[in-house]
Amino acid sequence: MVGSIGKTASRHLPAVIQSMFIIALGNFIDSSYAPLAPFIKNYYILTATQVGLITSILFIGSSSVAVFTGFLVDRIGHHNAMKLSFGIMAIGSTVLFGSRDYATLLAGFYFIGFGYGMLTPATNSQIMEEYYPEHLTRMGVKQAGVPMGAALAAIMLPPVVIKVGIPHVYLLIITMAAILLIILPLRNPVNKDRFQLGKYIKEMFETVKDKYLLLIGFSALFMSWSQQSVMTYYVLYFRNIKFGTLIAESFLYSVLISAIFGRILWTRLGNRLFGQNHIKTFSLIMVFAAAVIILLPRFSSDIFTAYIFSIFVGITAISWNGVFVSMTSEIAPTGKVGMYSGMGILLISSGTILGTPISGMIIDHFHSYNLMWMIMGVTVMVVGIVLFIISNKMKITSKRST
């Protein structure tokens, strides 16, 4: 009966809406650490560096599975990969529910990151399969589900954790993941080729030698660093400058709501301004995001300007991913969207794995959030300008057969 509900929904809901809701609910679980960061910090008595390491662990989990997404998505099919994803996130949430120390906490977030790492390649594959070559705006709509899920977590989880405490808030998340695991239908994989490790490793090396993937992946790792530093430290930053917890949470909520519209905006606006030169669009986002991050401390002391500026943070520093996943999906040959998406995630994850703890170390060592914003913003600005110069001579070309 439950399985038939999933099958009925998949027949009647457009694929773009299905994938948007799937990735929104997945990111609700994956991004739960952001609004819960001040509560986790107090409950486990952590430093800013240790809080940043939670973000790194999530992305280490995503990176671990990214190596195999070519098999998990391209071979078993995107529907089955989605089902498996929520099963693993349910396991991670169960570990978090039982955690009483920092090591177990990190283990739970690792499993959540591992499970979530399958969702972006799986939903990318679904969009490309259903809509290519009319996929660009739909990819942006699908990726709008990412901040949508994070925004839902930001508004729902703080009141719950105040009432029941950190461990028990994950009962809600376990229930959500378990329901999705049950209702998502199983599908017979289209690609039934037998898995050959040697052949797969060869395909991986061929993928990571793609000059377009390396260029956009290297550039995007700096955006991943800035995005996840915002997600990790935004509430803590506003609490540090004497705003209350719920007001600080509402600033994060404003960031995430505006990012929903930003992800759709950039895919449409970039296509009109630069046509198929998505690298130029991406570099423009980097420059704007860097400027916003650098100016953030100047507009944070007043509650009204803090809300306005949070919208700009969302539209720039959080909204780049829709263009990024479009580029990685477009350069992938037919049948290899999962592989290219996974390798793209692997590249950008290094920015979060290394960058977010560095942000925490700057805060702990210099006792300054402002210096962290400045260093990060200047770095992103330099990379964005260099990429814009390069983009005048390059554009993404699709390898897919229509």
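Visitor: Where is serine 229 found?
Guide: Serine 229 sits in helix 13. Helices here are DSSP runs of H or I with at least four residues, numbered from the N terminus. Before going on: this is a predicted model, where local features need pLDDT of at least 70 and side-chain atom pairs count only at pLDDT 80 or more, while totals for chains, interfaces and linings use all residues. Residues are numbered from 1 along each chain as its sequence is written, and side-chain values use heavy atoms, with hydrogens and water left out.

Visitor: Is serine 229 buried or exposed?
Guide: Buried means under 20% relative accessible area, exposed means over 50%, and partly exposed is in between (1.4 Å probe, protein chains only). Serine 229 has a relative accessible area of 0%, so it counts as buried. A polar atom of its side chain lies 2.9 Å from the backbone oxygen of tryptophan 225.

Visitor: What does serine 229 touch?
Guide: Contact means heavy atoms within 4.5 Å. Not counting residues up to four places away in sequence, serine 229 touches Tyr234, Thr356, Ser359, Trp373 and Met376. Turn to tryptophan 373 and, leaving aside neighbours within four places in sequence, its contacts include Ser229, Tyr234, Tyr237 and Pro297.

Visitor: Which residues touch the most other members of the largest nonpolar core?
Guide: Such a core is a set of buried Ala, Val, Leu, Ile, Met, Phe, Trp, Tyr and Cys residues joined through side-chain atoms within 4.5 Å. The largest has 117 residues, and Phe109, Tyr234, Phe282 and Trp373 touch the most other members. Helix 13 (residues 211-240) gives this core its largest share, 17 residues.

Visitor: How many aromatic pairs are there?
Guide: Rings of Phe, Tyr and Trp (its six-membered ring) pair if their centres lie within 6.5 Å; planes under 30 degrees apart are stacked, over 60 edge-to-face, and the rest tilted. A search of the whole structure turns up 19 pairs. Take phenylalanine 218 and phenylalanine 222: their ring centres are 5.3 Å apart and their planes meet at 85°, so this pair is edge-to-face. They are four residues apart in helix 13, so about one helical turn separates them. Phenylalanine 218 is partly exposed at 48% relative accessible area, whereas phenylalanine 222 is buried at 15%.

Visitor: Which residues do ring pairs link into a cluster?
Guide: Tyr234, Tyr237, Phe238, Phe243, Phe251, Tyr307, Tyr369 and Trp373 are linked this way.

Definitions and conventions
Helices (H or I, at least four residues) and strands (E, at least two) are DSSP runs, numbered from the N terminus. A polar contact is a pair of N or O atoms within 3.5 Å; within protein, one must be able to donate a hydrogen and the other to accept it, and residues adjacent in sequence count only if both atoms are side-chain atoms.
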